[in-house]
Amino acid sequence: MKRIIFSFLCMFVAFQTAISQTMTWNQRYQNYFDKYKDVAVEQMLKYRIPASITLAQGVLESAAGNSELATKANNHFGIKCNGWTGRKSYHDDDARNECFRAYDSVYESYQDHSVFLTTSKRYSNLFQLKLTDYKGWARGLKACGYATSPTYATKLIEIIELYKLYQYDTAKHFDKFQAQQVKGGDSRQIYAFNKNYYLKARRGDTFRSLAKEVDISYRKLARYNERDKNDVLEEGEIVWLKKKQNKAPKNYKGCLHYVKNGESIYSISQLYGIKLKKLYKLNNLPPTYQIRVGDALRVR
């Protein structure tokens, strides 16, 4: 009888331990997913790897981008050298001073992860699974030897379900500007602000030349910026890549913009990503009003 009670107690303790080890939500993981979800969807549409799996592996293998391998080598998936001819980084893993692939950007790590899975015979059976079968993919990756941890598949599934990453497995489109932000390198810097994206014009830029870079009709690009499509752009000028908003972001509530020398109401509308006519309306100004240095303008 004592043995039965003891066995029951052991099972109860093990059950309680399993509960205590259940993954809990944290902001660091969520920030990671917000930053890289569009890259994961882009890779899914190109290589047919579930975005949820890519994100879960990335956050787990890189400690949400904070591991030594991620910060020093941009390696978010723990892929070792194995015939790699590019840059290398050495870290302790299953053995001391093991060779890992190093990348110039996180985007390259995501791209190489896709190529690594699609070109290896070891993982070929996974591509017979549905994109929405994240559990099958997680278990298949473990079975194929992607990681040595016995709980690897369970952890991936827990992450996917806790953060609802499965929602990205049915995506048909992705935010290409968010993906380009991650890409970095020689590509033009894209900035995010006020639920929009913008870049800064370089010398010689035109709406036509920029349109080719960002894959938008130059007519649309000019329209988003409330300009004529043939206008000359000045170096450093802000060029918005989507329709501007009606107001500045919420954190500007109650704030005033004091007009500085050389500013125009148009340049201020561009600065905050606000439609020009909405800026006039916010300040009860007629379109013919000529702003002066020191004028206080509401932006929200």
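## A tour from the disulfide to a helix pair

Begin by selecting Cys-81 and Cys-99 and showing their side chains: the torsion about their S-S bond is about -65 degrees, so the disulfide is left-handed. As you look, keep in mind that this is a predicted model. The two sulfur atoms of Cys-81 and Cys-99 are joined at an S to S distance of 1.9 Å, and a search of the whole structure finds one disulfide.

Next, colour the elements around this bond. Cys-81 sits in the loop between helix 4 (68-73) and strand 1 (88-91), while Cys-99 belongs to strand 2 (residues 98-101), so the pair ties together parts that are 18 residues apart in sequence.

For the last stop, select helix 6 (residues 134-143) together with helix 7 (residues 152-162), whose axes come within 8 Å and cross at roughly 155 degrees. Helix 6 and helix 7 are therefore roughly antiparallel to each other, and their crossing is right-handed. Show the side chains that make the contact: helix 6 contributes Tyr-134, Lys-135, Ala-138, Arg-139, Leu-141 and Lys-142, and helix 7 contributes Tyr-152, Ala-153, Leu-156, Ile-157, Ile-160 and Glu-161. Coloured by type, the residues of this contact between helix 6 and helix 7 divide into eight nonpolar and four charged, with no polar ones.

Technical notes
Residues are numbered from 1 along each chain as its sequence is written. This is a predicted model: local features need pLDDT of at least 70, side-chain atom pairs count only at pLDDT 80 or more; totals for chains, interfaces and linings use all residues. Side-chain values use heavy atoms; hydrogens and water are left out. Axes are lines fitted to C-alpha atoms, for helices over the stretch in contact, and angles run from 0 to 180 degrees between N-to-C directions. Helices (H or I, at least four residues) and strands (E, at least two) are DSSP runs, numbered from the N terminus. Angles under 35 degrees count as roughly parallel, over 145 as roughly antiparallel, 65 to 115 as roughly perpendicular and the rest as oblique. A crossing is left-handed if the near helix is turned anticlockwise from the far one by less than a right angle, and right-handed if clockwise. Contact means heavy atoms within 4.5 Å. Ala, Val, Leu, Ile, Met, Phe, Trp, Tyr, Cys and Pro count as nonpolar, Asp, Glu, Lys and Arg as charged, and the others, Gly among them, as polar. A disulfide is a pair of cysteine sulfur atoms within 2.5 Å.
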